[in-house]
Amino acid sequence: MVGDVDDTTLKLNPQTLLPLHAPHPFDHPEYRQHRQWMERAIALAQAAGDAGEVPVGAVIVDSQGRLIAEAENRRERDHDPTAHAEILALRMAGQAIGTWHLTQCTLYVTLEPCPMCAGALVLARVARLVYGADDPKAGAVRTVINLPDGACSNHHLPVVGGILESVCRQQLQSWFVQRRHLAPDKYL
Ligand SMILES: [Zn+2]
């Protein structure tokens with residue numbers, strides 16, 4: 001199941017106008033919470049970008065709203081093809097709570113997970129995924145393929161996409177523009 005909240009495209013249907021005193025959807029406490037954690041993931045992504053990595057950041061929060069893990073992409077620095085932000089955060093969360101069953105946890109990540117990370121989220125039985133920008137090249141939650149709802153998945157993963165989408169997307173785009181300028185052969 002994929003929910004979607006996009007700051008730039010969300011429109012209220014005039015047939016379902018909210019009562020006068022109802023909070024605007026963007027002021028809903030749950031949405032505010034999503035933005036707050038996504039801002040933290042964006043800061044982690046920025047640190048990765050500054051270190052020469054593709055800027056992706058992830059945080060994991062437990063059911064009480066406590067931060068239990070945070071990580072940024074470290075693929076270049078660790079010489080590790082699996083050192084994506086989500087994988088590192090999942091490992092840290094497992095250590096923090098003493099189990100690989102992350103059934104009470106929400107993972108926030110700036111970019112739609114790739115097949116490896118989407119698979120790991122399913123294996124970890126994560127309660128919910130919240131992400132920022134769609135990944136048209138490798139998005140494995142809905143954009144290219146949908147692994148969590150696929151035949152090899154035995155876990156239902158609720159997904160919320162599009163949180164601070166434009167900020168997450170621009171962060172990645174400007175990083176790639178800068179890198180292509182610095183090393184045109186490496187980033188075609
Ligand atoms: Zn990944």
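## Burial and basis of the model

A residue is termed buried if 20 or more other C-beta atoms lie within 10 Å of its own, exposed if 12 or fewer do, and partly exposed in between, with C-beta atoms placed from the backbone. By this criterion, buried residues make up 37% of the 188 residues in the chain.

The model is predicted: local features need pLDDT of at least 70, side-chain atom pairs count only at pLDDT 80 or more, and totals for chains, interfaces and linings use all residues. Residues are numbered from 1 along each chain as its sequence is written.

## Overall architecture

The chain contains 5 helices and 6 strands.

Two residues are taken to be in contact if their C-beta atoms, placed from the backbone, lie within 7 Å. Among the contacts in the chain with a separation of 6 or more, 59% are between residues 24 or more positions apart.

Helix α3 comprises 13 residues, 85–97. The expected span of a helix is 1.5 Å times one less than its number of residues. For α3 this gives 18 Å, and the end C-alpha atoms are 18 Å apart, which agrees. Just after α3, G98 adopts a positive phi of about 75 degrees.

The buried residues of α3 are A85, E86, I87, L88, A89, L90 and A93. Their cover includes the helices α1 (29–50) and α4 (115–123), together with the strands β2 (57–61), β3 (67–72) and β4 (106–111). An α-helix has 3.6 residues a turn, so residues three or four places apart point the same way.

## Packing of α3 against α4

The axes of α3 and α4 are 9 Å apart and meet at an angle of about 25 degrees. Axes here are lines fitted to C-alpha atoms, for helices over the stretch in contact, and angles run from 0 to 180 degrees between N-to-C directions. Angles under 35 degrees count as roughly parallel, over 145 as roughly antiparallel, 65 to 115 as roughly perpendicular and the rest as oblique. The helices α3 and α4 are therefore roughly parallel to each other. Their crossing is left-handed, a term for a near helix turned anticlockwise from the far one by less than a right angle, whereas clockwise is right-handed.

At this contact, E86, I87 and L90 of α3 meet C117, A120 and L121 of α4. By class, the contact has 5 nonpolar, no polar and 1 charged residues. In this classification, Ala, Val, Leu, Ile, Met, Phe, Trp, Tyr, Cys and Pro count as nonpolar, Asp, Glu, Lys and Arg as charged, and the others, Gly among them, as polar.

## Packing of α1 against α5

Helix α5 (residues 165–182) packs on α1 at an angle of about 0 degrees, with the axes 11 Å apart. The pair α1 and α5 is therefore roughly parallel. From α1, the residues I42, A45, Q46 and G49 meet V167, C168, Q171 and W175 of α5. This contact of α1 with α5 divides into 5 nonpolar, 3 polar and no charged residues.

## Strand residues

V109 lies in strand β4 and is buried, with 29 other C-beta atoms within 10 Å. Leaving out residues up to four places away in sequence, V109 touches A41, V56, A58, A85, E86 and Y131. The C-alpha atoms of V109 and A133 are 8.9 Å apart, although 24 residues separate the two in sequence. G161, in strand β6, is 52 residues from V109 in sequence and 9.7 Å from V109, C-alpha to C-alpha. G161 also counts as buried, with 21 C-beta neighbours inside 10 Å.

R128 belongs to strand β5 (residues 128–133). R128 is partly exposed, with 18 other C-beta atoms within 10 Å. Apart from neighbours within four places in sequence, R128 is in contact with T106 and P158.

## Positive phi in loops

H79 lies in the loop between α2 (75–78) and α3. Phi of H79 is near 50 degrees, a positive value in a residue other than glycine. H79 is exposed, with 8 other C-beta atoms within 10 Å.

L164, in the loop between β6 (159–161) and α5, likewise has a positive phi, near 50 degrees, and is not a glycine. L164 counts as buried, with 23 C-beta neighbours inside 10 Å.

Key: Helices (H or I, at least four residues) and strands (E, at least two) are DSSP runs, numbered from the N terminus.
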